[in-house]
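This report concerns a structure made of chains and helices. Please consult the sequence and the structure shown below while reading.

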Amino acid sequence: MAIFGLSVMVSHHDWAFAVFTVVSLVVIDATYLGGRRWIPAKYLIPGTIFLAIFVLYPVAYTVYNSLTNYGTGNNLSKSQAIELIQRNSIGASSNAVKYKLQVLAKGSPTGELAFLLTDAQGNVLLGTKQGTTPVAAGQIVKQGIRSTIEGYTALNLGQATSRQTEIQAFKVPSPAGEISNDSLTSAFAKTQGITYDAASNTMTDTATKTVYHEQDGSFVSDSGQRLLPGWRAFIGTRNYGRLQLTGTFLRVFLWTLVFAIGSVLLTFALGLFLAIVFSSERMKGKRWYRLAMVIPYALPSFMTALVWRGMFNQTFGVLNRYLGTSIPWLNQPNWARASILLVNLWLGFPYMFLVCTGALQGIPSDLKEAAVVDGATGFTAFRRITFPLLLIAVAPLLIASFAFNFNNFNIVYLLTEGRPAVQGSDAGSTDILISYMYKIAFGGGRGADYGLASALGVIIFLIVAAISAFSFRYTKMFEEVR
Amino acid sequence: MTATPATDRSRFQGRSGTQRTAKGWFVDTGWRHVVALVVCVFALFPVLWVISAAFSTGGLESQKLIPESVSLNNYRTLVKRPFWRWMLNSLIVGGVTAILTVFLCACAAYAFSRLRFTGRRGGMLFLLLVQMFPNLLASVALFLLMQRVKGMFPSIGLGTYWGLILVYLGGALGVNTWLMKGFFDTIPRELDESAVVDGATHAQIFFKIILPLAAPVLAVIGLLSFVASQSEFMIADIIIQNNEKQRTAAVGLSRFVLAGFDNNWGAFAVGALIAAIPVLVLWLFLQRFVVSGLTAGAVKG
């Protein structure tokens with residue numbers, strides 16, 4: 001299997017993959033055939049390989065991409081881009097040489113195509129896929145009214161028509177460009193408009209004499225005109241500059257914070273309230289209420305987000321129909337934000353309820369009773385004794401919940417897709433950072449911009465890492481308190 | 001010792017317990033039922049609404065909570081799409097991911113828990129650090145990576161659910177390894193040692209002693225990973241692309257309804273309900289493990 005894999009990799013010239021495979025094969029063999037020293041590695045290697053390929057490599061690759069201009073229009077290597085620019089620049093100029101055309105086929109009428117070209121001076125050329133060769137007058141053979149040469153059959157009009165699409169795509173390369181057909185009986189030479197000069201690393205437009213210099217992965221003229229396509233190039237930290245850290249990015253970031261913190265606080269508040277309501281020992285039927293309340297959490301979140309989207313629909317949705325209102329739930333920025341928080345409350349409160357119930361049960365009741373004996377009212381006892389203890393128990397979960405919601409793509413994308421749109425910005429008013437990143441990379445009008453999206457990914461990671469580092473210290477502090 | 005708190009509690013309850021009037025009942029317990037009912041309506045209304053949508057004949061605009069006419073038309077619309085294929089894909093993705101995740105984690109956790117080697121502590125901390133970078137953030141790189149894989153091995157690259165499984169497995173180690181290591185640590189080492197005396201190899205200890213004893217935690221981690229994969233949307237959407245037959249239920253149904261909310265609403269409701277069943281059942285089963293596990297872990301710190 002490994003050998004098959006390697007041969008495929010080598011045949012695709014994917015040397016990085018091949019080298020990685022060889023190295024890991026050597027490591028694996030050494031480990032499993034090696035002696036006692038290698039026992040721990042035997043258990044660690046399977047997971048580590050997946051970790052290396054699908055986590056570590058993508059992380060490194062993300063950082064690398066964030067420093068390049070990779071994306072639509074810049075996804076080739078430089079040499080491919082140069083070749084493509086030159087090929088695309090081939091076109092008919094006004095003084096193009098015209099030829100009379102006889103379409104030939106090698107051997108039988110279904111054989112490989114070739115053009116027999118005669119110019120105004122009566123010079124004859126044979127054009128094949130490889131190029132043109134001059135034909136001396138003596139080589140020409142008559143085939144009825146048509147001319148051909150040895151080894152080729154001239155196609156009559158019917159035969160040529162049946163192969164028309166093939167003929168249209170057929171191009172004869174020539175030193176100055178290429179020759180292609182105009183109709184079934186005429187052809188003309190196209191010339192290459194732009195040429196690359198390797199010595200000076202510039203592109204020159206042969207007609208206008210405009211010179212294009214290399215700049216950030218494409219050729220740009222002095223007047224700022226850019227030749228397409230460009231190629232992948234290292235552009236330093238320019239993507240980070242393009243993120244408009246003070247404009248769109250800041251707006252999206254602030255809403256992400258509001259969304260994540262708001263979701264945690266709302267779900268925690270409702271969950272805690274319900275946990276207290278349900279802590280009464282004399283209440284009956286708690287089991288059934290609890291079952292009903294856990295259901296939102298137990299359903300897959302893609303489904304619930306979409307169901308709410310249907311219910312929020314301004315004209316047809318059940319909420320507006322039953323309430324008799326026409327609230328623009330998802331169509332007006334602030335309503336849309338409120339709707340997202342409402343849906344996330346619905347999704348998240350059962351979890352907080354379960355967690356708070358568990359944590360409340362874990363708090364020794366004698367502490368609270370002692371406080372009541374000392375004269376504290378129920379509320380004071382809760383505020384001063386139960387709540388701080390509860391907070392210690394659930395603080396790590398609140399932070400985890402915050403981190404989860406910070407990147408809660410499902411709910412934002414499936415409920416609003418980040419809409420309503422904000423004019424002059426590619427991020428909508430409910431987009432959070434992760435959905436903004438998705439839009440830059442995969443969705444959208446102006447094509448994929450992997451470099452910019454990767455830069456945003458790196459920034460989101462830095463934010464999440466900073467918050468996590470902070471929360472680690474904070475929870476340690478809590479532990480010390482205990 | 002145990003008797004004292006019990007009598008204390010009965011004294012506290014006795015204070016309000018003497019007033020058995022209707023008003024007293026309401027102040028003490030009744031309002032709790034009112035709150036509970038309100039919350040239940042909030043929690044269940046959308047669920048009832050999907051159920052009703054699944055069976056009613058009208059579209060989004062005319063649907064009532066109790067459908068006026070019931071039919072299976074929506075189901076017939078749904079199966080014009082490869083819906084059962086999506087379900088099967090979801091189960092394969094979830095099942096394979098869960099089993100391999102458990103295996104990879106158990107191996108790593110065993111090494112961290114039982115074996116002593118240089119870099120053990122560093123390895124554990126490294127896993128914790130890596131876990132902080134959610135693979136969502138590297139989705140662009142994952143996409144490009146799988147695109148490259150697709151060029152060489154089309155059957156496991158971009159546009160296939162096998163590629164998706166590979167990506168999910170990349171995130172297998174991490175928090176799960178920590179959880180499992182914690183559980184392995186609670187299995188007495190004397191068991192291993194006596195097995196060693198009896199001539200067992202490390203592999204025998206792992207497969208015949210540790211794994212069977214850790215079965216409950218293995219099951220829970222496997223089920224959690226299964227459930228998580230059933231509603232994952234972003235990575236699945238990016239990796240599977242427009243390859244409709246390879247989609248998971250989450251991506252297939254979402255893309256289906258997003259393509260036309262008014263027309264596909266009822267059919268989506270049917271599909272969503274069917275897709276929710278495995279997850280719902282597992283959750284109700286897992287609920288107590290999750291609550292006790294999470295809070296126990298939290299209190300331990």
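## Basis of the report

This is a predicted model, in which local features need pLDDT of at least 70 and side-chain atom pairs count only at pLDDT 80 or more, while totals for chains, interfaces and linings use all residues. Residues are numbered from 1 along each chain as its sequence is written, and chains are lettered from A and ligands numbered from 1 in the order in which they are written.

## Chain B

Chain B contains 14 helices and 0 strands; helices (H or I, at least four residues) and strands (E, at least two) are DSSP runs, numbered from the N terminus. Its elements, read from the N terminus, run α-α-α-α-α-α-α-α-α-α-α-α-α-α. Of the 301 residues of chain B, 41% count as buried. A residue is buried if 20 or more other C-beta atoms lie within 10 Å of its own, exposed if 12 or fewer, and partly exposed in between, with C-beta atoms placed from the backbone. Among contacts in chain B between residues at least 6 apart in sequence, 72% join residues at least 24 apart; two residues are in contact if their C-beta atoms, placed from the backbone, lie within 7 Å.

Helix 11 of chain B spans residues 215-231 and has 17 residues. The distance from its first C-alpha to its last is 25 Å, close to the 24 Å expected at 1.5 Å a residue; the expected span is 1.5 Å times one less than the number of residues. The buried residues of helix 11 of chain B include B:Val217, B:Leu218, B:Ile221, B:Leu224 and B:Phe226. Also among them are B:Gly222, B:Ser225 and B:Gln230.

## The interface between chains A and B

At the interface, 78 residues of chain A are in contact with 77 residues of chain B. Helix 3 (residues 39-65) of chain A supplies the largest share of the chain A side, 17 residues. By class, that side has 56 nonpolar, 17 polar and 5 charged residues. Here Ala, Val, Leu, Ile, Met, Phe, Trp, Tyr, Cys and Pro count as nonpolar, Asp, Glu, Lys and Arg as charged, and the others, Gly among them, as polar.

## Packing around helix 14 of chain A

Helix 8 (residues 248-277) and helix 14 (residues 378-406) of chain A pack at an angle of about 140°, with their axes 9 Å apart. Axes are lines fitted to C-alpha atoms, for helices over the stretch in contact, and angles run from 0 to 180 degrees between N-to-C directions. The angle makes helix 8 of chain A oblique to helix 14 of chain A; angles under 35 degrees count as roughly parallel, over 145 as roughly antiparallel, 65 to 115 as roughly perpendicular and the rest as oblique. Residues making the contact include A:Phe259, A:Val264 and A:Phe268 of helix 8 of chain A, and A:Leu398, A:Phe402 and A:Phe406 of helix 14 of chain A. By class, this contact has 8 nonpolar, 4 polar and no charged residues.

The axes of helix 13 (residues 365-373) and helix 14 of chain A come within 10 Å and cross at roughly 145°. In this pair, A:Leu367, A:Lys368, A:Ala371 and A:Val372 of helix 13 of chain A meet A:Ala381, A:Ile385 and A:Thr386 of helix 14 of chain A. The contact comprises 5 nonpolar, 1 polar and 1 charged residues.

## Two residues of helix 17 of chain A

A:Ile460 lies in helix 17 (residues 450-481) of chain A. A:Ile460 is buried because 23 other C-beta atoms lie within 10 Å. Leaving aside neighbours within four places in sequence, A:Ile460 is in contact with A:Leu433, A:Ile434, A:Met437 and B:Leu137.

A:Phe472 is also placed in helix 17 of chain A. With 14 other C-beta atoms within 10 Å, A:Phe472 is partly exposed. A:Phe472 and A:Tyr64 are 408 residues apart in sequence and 28 Å apart in space, C-alpha to C-alpha.

## Backbone geometry in loops

Most residues other than glycine have a negative phi, and most peptide bonds are trans. The peptide bond from A:Arg419 to A:Pro420 is cis, with omega near 0°. A:Pro420 is in the loop between helix 15 (409-415) and helix 16 (433-441) of chain A. A:Glu417 is found in the loop between helix 15 and helix 16 of chain A, and its phi is positive, near 55°.

In chain B, B:Gln241 has a positive phi of about 60° although it is not a glycine. B:Gln241 is in the loop between helix 12 (234-240) and helix 13 (249-258) of chain B, and is partly exposed, with 19 other C-beta atoms within 10 Å.
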